[in-house]
Amino acid sequence: MNEVLVDSSRPLADRVFSRLQDDIVRGVIAPGSKVSETDLAGRYGVSRGPLREAIRRLESRKLLEREVHVGTRVASLSFDDLIEIYHVREALEGLAAGLAARLMTAEEVAGLTELLGQHEQQQDLRHDTAYFQREGDLDFHYRIIQGSHNRTLIRMLIGELYHLVRMYRYQFSTVANRPQKALHEHRRIVEAIEARDAEMAELLMRRHISRARENIEQQAQQRSPQ
């Protein structure tokens, strides 16, 4: 059994939820694939009760979708929808980074530096194979958005699509050289925020998300039939 499920410091339903969410975000359970309670109960070695609660919570986060006469599937975005979202992210997260440079407290900026130090210790990132960020305060982009101290931006960027976009962010990061490049781009954004250079922070965040979008477009082109 996975160590997340063995850990008895949290309720079983919370542990099942965390493991299932991580498996979806990491692509172990692929976007668009059908999931069944029976299969998941067998996979994780748990009963239906905590599993159903985990599924309900993931539906509220838009990571699972229940379809009449079909069942439950992992949510997915079309390529066009995903690219549209990245264009919006580029503009709005750029704005958030600029505001963060003006408004983040010294403690919040120090927290960003500490967070990237934690990310650096990840084995996948060290090997340049993936860059996995857990949700909320463990997510660099989430911290920047919160650091904007702008309630409208926070509502727009950490709303119903946050978890779904996080899934695609991870799955498209698993390409040669991208994880280390992304970490370097994060470091430069933090440097601009620390220097209180709002214009540079916005520019660097926009470039960062633009490069991520270009990476998605390139991978999609490579995967499409010739």
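Tutor: Let us start with a helix pair: helix α5 (residues 79-103) and α8 pack at an angle of about 60°, with their axes 7 Å apart. This is a predicted model, in which local features need pLDDT of at least 70 and side-chain atom pairs count only at pLDDT 80 or more, while totals for chains, interfaces and linings use all residues. Residues are numbered from 1 along each chain as its sequence is written, and side-chain values use heavy atoms, with hydrogens and water left out.

Student: What makes α5 and α8 helices, and what do the angle and the axes refer to?
Tutor: Helices are DSSP runs of H or I with at least four residues, strands are runs of E with at least two, and both are numbered from the N terminus. The axes are lines fitted to C-alpha atoms, for helices over the stretch in contact, and angles run from 0 to 180 degrees between N-to-C directions.

Student: Why is the crossing of α5 and α8 called left-handed?
Tutor: A crossing is left-handed if the near helix is turned anticlockwise from the far one by less than a right angle, and right-handed if clockwise. The crossing of α5 and α8 falls in the left-handed class. Contact means heavy atoms within 4.5 Å, and here R89, E93, A96, A97, L99, A100 and L103 of α5 meet H141, I144, I145 and G147 of α8.

Student: How do you know that V109 counts as buried?
Tutor: Buried means under 20% relative accessible area, exposed over 50%, and partly exposed in between (1.4 Å probe, protein chains only). V109 has 4% relative accessibility, so V109 counts as buried. V109 is found in helix α6 and touches M104, I193, E194 and R196, not counting residues up to four places away in sequence. V109 and E194 are 85 residues apart in sequence, yet 6.4 Å apart in space, C-alpha to C-alpha.

Student: Which residues of α6 are buried, and why are they said to be on the same side?
Tutor: The buried ones are V109, G111, L112, L115, L116 and H119. They cover an arc of only 150° around the axis, which puts them on the same side of α6; the arc is that of the directions from the helix axis to the C-beta atoms. On the other side of α6, A106, E107 and E114 are exposed. The cover over the buried residues includes α7 (123-126), α8 (140-147) and α11 (178-194).

Student: Why is α2 called largely enclosed?
Tutor: In α2, 12 of the 14 residues are buried, so the rest of the structure largely encloses this helix. Among them are F17, L20 and I24. Just after α2, G27 takes a positive phi of about 85°.

Student: Is Q171 buried or exposed?
Tutor: Q171, in helix α10 (residues 162-171), has 16% relative accessibility and so counts as buried. Its contacts beyond four places in sequence are I24, V25, R26, G27 and P31.

Student: What makes β2 and β3 a pair?
Tutor: Two strands pair if DSSP finds at least two bridges between them. β2 and strand β3 (residues 71-74) have 4 bridges, in the antiparallel sense, with L64 opposite V74 in β3.
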